[in-house]
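Please open the model in your viewer and keep the selection tool at hand. The stops below are meant to be taken in order, each with something to select and something to look for.

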Amino acid sequence: MQQMVSVSGDSGGDAVSDAPLAAPDGGAVDLTFMHAARAEAALAAAAGEVPVGALVVRGGEVVARAGNRRERDQDPCGHAELIAIRAAAQALGTWRLDECVVYVTLEPCPMCAGAMVLARVQRCVFGCADPKGGFLGTLADLSRFPGLNHHFVVTGGVDADACQAQLRSFFRDLRVAKRRAAQHPPPSSDEQG
Ligand SMILES: [Zn+2]
């Protein structure tokens, strides 16, 4: 179930705007890459991370992929799309990702949306909106922020239900595990007290 929300930036006159993946109705392509981003999110979840996954795609080819690594690296900046953007820049040998589309399962936060401005990305496609941190349309929209020197196209809500379900199931499992731990505390705690 896919709902396209915001589709066009105000950068319609850009030289890159006729690249195939800029087409706002590239629905099937978007869905395929979002599935791949969800696979990255699933790997992150298996490693105990909040399941967020991201891809950077150029000309229909995946340039970089990453999952959230905040816990593993104890890095507040260890968000999937930021890691993928940096890896893509390294792989392509340029910080300027103006022919790239970033796919991410959760609406980017201010840091990641800001990185997309700095990397001059062509477009961002995200899965579910983030009411607590989304900066590509929910709390604010950095993709077309007045005064910033780069605007980019955003397509939100692609495969949103599945992305949301993945997050919900992770947090549900976490709550169950916490409850279980509270009911059966480790034997060493106050047995000897
Ligand atoms: Zn982020």
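Two residues are said to be in contact if their C-beta atoms, placed from the backbone, lie within 7 Å. Helices (H or I, at least four residues) and strands (E, at least two) are DSSP runs, numbered from the N terminus. The structure is a predicted model, in which local features need pLDDT of at least 70 and side-chain atom pairs count only at pLDDT 80 or more, while totals for chains, interfaces and linings use all residues. Residues are numbered from 1 along each chain, as its sequence is written.

**The sheet**

Begin with the five strands, which form an open sheet in the order β2-β1-β3-β4-β5 with mixed pairing; two strands pair if DSSP finds at least two bridges between them. At the edges are β2 (61–67) and β5 (153–155), each of which pairs on one side only. Neighbouring strands are turned by 15° against each other on average, direction ignored, where axes are lines fitted to C-alpha atoms, for helices over the stretch in contact, and angles run from 0 to 180 degrees between N-to-C directions.

Next select β1 (residues 53–58). A residue is buried if 20 or more other C-beta atoms lie within 10 Å of its own, exposed if 12 or fewer, and partly exposed in between, with C-beta atoms placed from the backbone. Five of the six residues of β1 are buried, so the strand is largely enclosed by the rest of the structure. β1 pairs with β2 in the antiparallel sense over six bridges, and five bridges join β1 to β3, again antiparallel. Pick V56 here: A64 in β2 stands opposite V56, and in β3 its bridge partner is V102. In the hairpin of β1 and β2, with two residues between the strands, look for G59, which takes a positive phi near 55°.

Moving on to β3 (100–106), you will find that β3 and β4 run parallel and are joined by five bridges, with L106 standing opposite C128 in β4.

**The core**

Which residues touch the most other members of the largest nonpolar core? They are V56, A84, V102 and Y103, out of 48 residues, a nonpolar core being a set of buried Ala, Val, Leu, Ile, Met, Phe, Trp, Tyr and Cys residues joined through C-beta atoms within 7 Å. Select Y103 and, leaving aside neighbours within four places in sequence, look for its contacts, among them F33, M34, L55 and V125.

Now select α4 (residues 110–118), whose buried residues are C112, A113, A115 and M116. Seen down the axis of α4, these buried residues fall within an arc of 155°, so they line one face of the helix; the arc is that of the directions from the helix axis to the C-beta atoms. They pack against α3 (80–92), β3 and β4 (123–128).

In the loop between α4 and β4 you will find R120, which has a positive phi of about 60° although it is not a glycine. With 19 C-beta neighbours inside 10 Å, R120 counts as partly exposed.

**D159 and helix α5**

Then go to the loop between β5 and α5, where D159 lies. D159 also has a positive phi of about 60° without being a glycine, but this residue is buried, with 26 other C-beta atoms within 10 Å.

Finish with α5 (residues 160–183), which lies across β3 and β4 and runs at about 60° to β4. The buried residues of α5 are A160, C163 and Q166, and what covers them includes α1 (27–46), β3 and β4.
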